[in-house]
Amino acid sequence: STRKESSAASDVYKRQTVLMLETIRSEMSIRSPGWREAAFAEFIRVMIYLIRISKLPDSESGQYSFQIGRAIRLMEEKVSQELTLKSIAESVNMSESSFRHRFLAVTGMSPIRYLIRLRLKKALLLLTSPTSISSIALLSGFADQNYFSRQFKKQFGITPHEFQKKYAAQQLSVNELLTGLMDIDLSLIH
């Protein structure tokens with residue numbers, strides 16, 4: 001029971017850290033007035049949070065956090081390129097199955113789902129420009145425009161075209177949709 005409680009607490013800490021880092025990335029992407037200060041404040045919050053939890057016992061997945069962090073960085077840097085689970089796992093010297101398991105333990109979502117969300121975030125930001133949806137799909141790493149549109153609608157509840165129209169009419173903001181990209185149950189975070 002104590003091991004289960006420790007593992008559950010560790011999962012909460014990891015999810016909270018991912019959520020805070022996602023907030024920093026969002027601030028840096030959107031660049032609303034005061035974004036630098038907001039990103040810096042969130043960075044300080046992350047540092048304080050990590051110092052506070054650093055005294056906690058390491059979980060089984062804690063030893064893999066560095067490798068998972070490298071994989072996330074790779075996905076962010078190459079979000080527009082063709083990436084496979086195998087190529088990402090190999091880049092951090094892990095088997096596909098071990099990587100998938102460890103990634104899920106650290107982030108709370110599968111590596112492919114995480115990559116799709118990174119691509120959707122990039123697409124969402126590009127959709128605020130007059131660029132065609134087919135070009136945005138390719139620039140965001142989706143080889144198939146129909147697949148992109150299905151994933152976008154599945155995530156945000158509207159099609160990319162509907163978003164462009166609503167954004168242009170100032171009926172919808174990027175921030176409203178970006179908040180839906182992280183499926184972290186905030187009730188689990190104390």
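Q: Hi! Let's start with charges. How many salt bridges does a search of the whole structure find?
A: Hello! The search of this predicted model turns up four salt bridges.

Q: Nice. Which residue does arginine 25 meet at 2.4 Å, N to O?
A: That would be glutamate 22, whose side chain meets the one of arginine 25 in a salt bridge.

Q: And how far apart are those two along helix H1?
A: They sit three residues apart in helix H1, which spans residues 2-30, so about one helical turn separates them.

Q: Is glutamate 22 buried or exposed?
A: Glutamate 22 is buried, because its relative accessible area is 10% and the cut-off for buried is under 20%.

Q: OK, what about lysine 121, which residue does its side chain meet in a salt bridge?
A: Lysine 121 pairs with glutamate 22, again with 2.4 Å from N to O. This pair links distant parts of the chain, with glutamate 22 in helix H1 and lysine 121 in helix H6 (residues 111-126), 99 residues apart.

Q: Lysine 121, then: buried or exposed?
A: Lysine 121 counts as buried, with a relative accessibility of 7%.

Q: Back to arginine 25. What does glutamate 76 form with it?
A: A salt bridge, in which the closest N and O atoms are 1.7 Å apart. Glutamate 76 lies in helix H3 (residues 65-77) and arginine 25 in helix H1, so this pair ties together parts that are 51 residues apart in sequence. Glutamate 76 itself counts as partly exposed, at 31% relative accessibility.

Q: Which residues end up joined into one network?
A: Glu22, Arg25, Glu76 and Lys121, through salt bridges that share partners.

Q: Changing topic: which residues form the nonpolar patch on the surface?
A: Phe40, Phe43, Ile44, Met47, Ile48 and Leu50 make up that patch, and together they have about 510 Å² of accessible area. One of them, phenylalanine 40, is placed in helix H2, residues 35-53. At 53% relative accessibility, phenylalanine 40 counts as exposed.

Q: Now rings. How many aromatic pairs does the search find?
A: Eight aromatic pairs in the whole structure. In one of them, phenylalanine 103 and tyrosine 114 have ring centres 5.6 Å apart and planes at 70°, so the pair is edge-to-face.

Q: What about clusters: which residues form one aromatic cluster?
A: Phe142, Tyr147, Phe148, Phe152, Phe156, Phe163 and Tyr167 do.

Q: Last one, isoleucine 133. Where is its place?
A: Isoleucine 133 is in helix H7, residues 133-139. With 14% relative accessibility, isoleucine 133 counts as buried.

Q: What is isoleucine 133 in contact with, leaving aside its neighbours within four places in sequence?
A: Isoleucine 133 is in contact with Leu127, Gln145, Phe148, Pro160, His161 and Gln164. Phe148 is also one of the residues in the aromatic cluster.

Q: And how far is alanine 123 from isoleucine 133 in space?
A: From C-alpha to C-alpha they are 8.9 Å apart, while in sequence isoleucine 133 and alanine 123 are 10 residues apart.

Technical notes:
Residues numbered from 1 in each chain as written. Predicted model: local features only at pLDDT ≥ 70, side-chain atom pairs only at ≥ 80, totals over all residues. Heavy atoms only, no water. Helix = DSSP H or I, 4+ residues; strand = E, 2+ residues; numbered from the N terminus. Buried < 20%, exposed > 50% of the residue type's maximum accessible area, 1.4 Å probe, protein only. Patch = residues over 30% accessible without salt bridge, like charges linked within 9 Å, V, L, I, M, F, W, Y side chains within 5 Å. Areas by Shrake-Rupley, 256 points an atom, 1.4 Å probe, with all protein chains shown as cover. Phe/Tyr/Trp six-rings, centres within 6.5 Å; stacked < 30°, edge-to-face > 60°. Contact = heavy atoms within 4.5 Å.
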